[in-house]
Amino acid sequence: MKICQICAVDFTLKKFLLPLVDELLNNNNEVISVCSKGIYYDELKSKYNIYPIHISRSFNVFYHLKSSIKIYFFFKKNNFDVVHVHTPVASIIVRITAKLAGVKLIIYTAHGFYFHENMNYFYKKFHIFLEFIMGYLTDLIFTQSYEDYLDAIKYNFLKKNKIFYIGNGVNINKFNPQIYNDSNLNKNKFTVGFLGRIVKEKGIIEFLEAAEKIIIKYNDIEFLIGGTKLSSDVKDSVFKKINYFKKNYNNKIKFLGNIEDTPKFYSRLDLFCLPSWREGMPRTIIEAMMMKKCVIASNIRGAREEIINNETGYLFKIKSSEDICNAIIKCYKDKNLTKAMGIKGQKRALAIYDESKITKLQSQIIKSQFSK
């Protein structure tokens, strides 16, 4: 098959899609990936067949019209058998253009449907209706979250036999705590970590507010923050507040910037926290679990599927710095239990979240559905 894997930004391609691309290539398919140019584009271009088309993550119709025209002619020129699109905004313009271009099999992977439980009621209904309409242009839907799978069936986005729950996973060889068992020898401090895009909806401000409350009371707790803001992220006021914390708590709250060696980052932690407002099926939680870390996170879609509350970690109320603070202190005060939760989390991750099994499943589904 000749397959196009397409997403809005090169960050998504590098961080999330390459294992699937590799699996498809290993099965003798031709794969061309499409994304906007970013900091990873040249690196990816040196190893993979990639074509640059700018896809805006905003809702500017003019930008999307320009992208749609380029994508349409690219699809017509290459005569793809399969177009597989990722990320919400890209999925809309790509499914429309793929259908107009006559692509035989159009697939959308919902890494997390744009609508969610904490969204404004009417806004949520609008996005559900939009996904319903887009179903007429879609042949298969893959969902990473089981909640999304149930919603896709509930709202009749496609027939049930065209909706597949694939889950999410990471490389179990890469995220191996035994490789890094010497990375955290100095245990004079209890280390709490956050890793993700530095934007408001990741809950970074609530996390920092919780950290501020804690370090005033406890001298032996520190916070490590990894991640940056993508150029395509919507502007917000996060960095004004971050500068405040850098100025006042630099010795206890450390901002590490972009993290390439993520397993090493997790190895330094006693506890991982993901306080996001919304997620699909967060990979950082799986990564931390693989590295034998206890995880605390917002009680939202995806996170509550990955974490067994009170067994592998704790779930807390969304947008609550007080709840984050209480969960961290609870883990700090019972370090043996926190460590035991990390061990249980790793066993769960190894059993469920092996990336190789998930990419093989997708490849098999694509092959079987294309043959029909």
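By class, the contact of α1 with α14 has four nonpolar, three polar and three charged residues; here Ala, Val, Leu, Ile, Met, Phe, Trp, Tyr, Cys and Pro count as nonpolar, Asp, Glu, Lys and Arg as charged, and the others, Gly among them, as polar.

Before going on, I wrote down that this is a predicted model, in which local features need pLDDT of at least 70 and side-chain atom pairs count only at pLDDT 80 or more, while totals for chains, interfaces and linings use all residues. Residues are numbered from 1 along each chain as its sequence is written, and side-chain values use heavy atoms, with hydrogens and water left out.

**Entry 1: α1 with α14**

I looked up the geometry and found that helix α1 (residues 10-26) packs against helix α14 (residues 355-371) at an angle of about 55°, the axes being 9 Å apart. That makes α1 oblique to α14, because angles under 35 degrees count as roughly parallel, over 145 as roughly antiparallel, 65 to 115 as roughly perpendicular and the rest as oblique. For such values, axes are lines fitted to C-alpha atoms, for helices over the stretch in contact, and angles run from 0 to 180 degrees between N-to-C directions. The elements themselves are DSSP runs numbered from the N terminus, with helices being H or I of at least four residues and strands E of at least two.

Which residues of the two helices meet? From α1 I listed Pro-19, Leu-20, Glu-23 and Leu-24, and from α14 Glu-355, Thr-359, Lys-360, Gln-362, Ser-363 and Ile-366, with contact meaning heavy atoms within 4.5 Å.

**Entry 2: α4 with α5**

I then turned to helix α4 (residues 88-100) and helix α5 (residues 121-134), which pack at about 25° with axes 11 Å apart. That makes α4 roughly parallel to α5, and the crossing of α4 past α5 is left-handed. On the α4 side I found Ser-91, Ile-92, Arg-95 and Ile-96, which meet Leu-130, Glu-131 and Met-134 of α5; the residues of this contact divide into four nonpolar, one polar and two charged.

**Entry 3: aromatic rings**

How many aromatic pairs does the structure hold? I noted 31 aromatic pairs, where rings of Phe, Tyr and Trp (its six-membered ring) pair if their centres lie within 6.5 Å, and planes under 30 degrees apart count as stacked, over 60 as edge-to-face and the rest as tilted. One of them is the edge-to-face pair of Phe-190 and Tyr-332, at 5.7 Å centre to centre with 75° between the planes. Since Phe-190 lies in strand β8 (residues 190-195) and Tyr-332 in helix α12 (residues 321-333), the pair ties together parts that are 142 residues apart in sequence. Phe-190 is buried at a relative accessible area of 3%, and Tyr-332 is buried at 12%; buried means under 20% relative accessible area, exposed over 50%, and partly exposed in between (1.4 Å probe, protein chains only).

I also found one aromatic cluster formed by Tyr-108, Phe-113, Phe-115, Tyr-155 and Phe-157.

Val-85 sits in strand β4 (residues 82-86) and is buried, with a relative accessible area of 0%.

His-116 is in the loop between β5 (105-110) and α5. Is His-116 buried or exposed? At 16% relative accessibility, His-116 is buried; not counting residues up to four places away in sequence, His-116 touches Lys-124, Arg-278 and Arg-301.

**Entry 4: positive phi**

I kept in mind that most residues other than glycine have a negative phi. Asn-156, in the loop between α6 (146-154) and β7 (163-165), has a positive phi near 60° and is exposed, at 52% relative accessible area. Asn-310, in the loop between α11 (303-306) and β13 (313-316), has a positive phi near 75° and is partly exposed, at 49%.

Notes: A crossing is left-handed if the near helix is turned anticlockwise from the far one by less than a right angle, and right-handed if clockwise.
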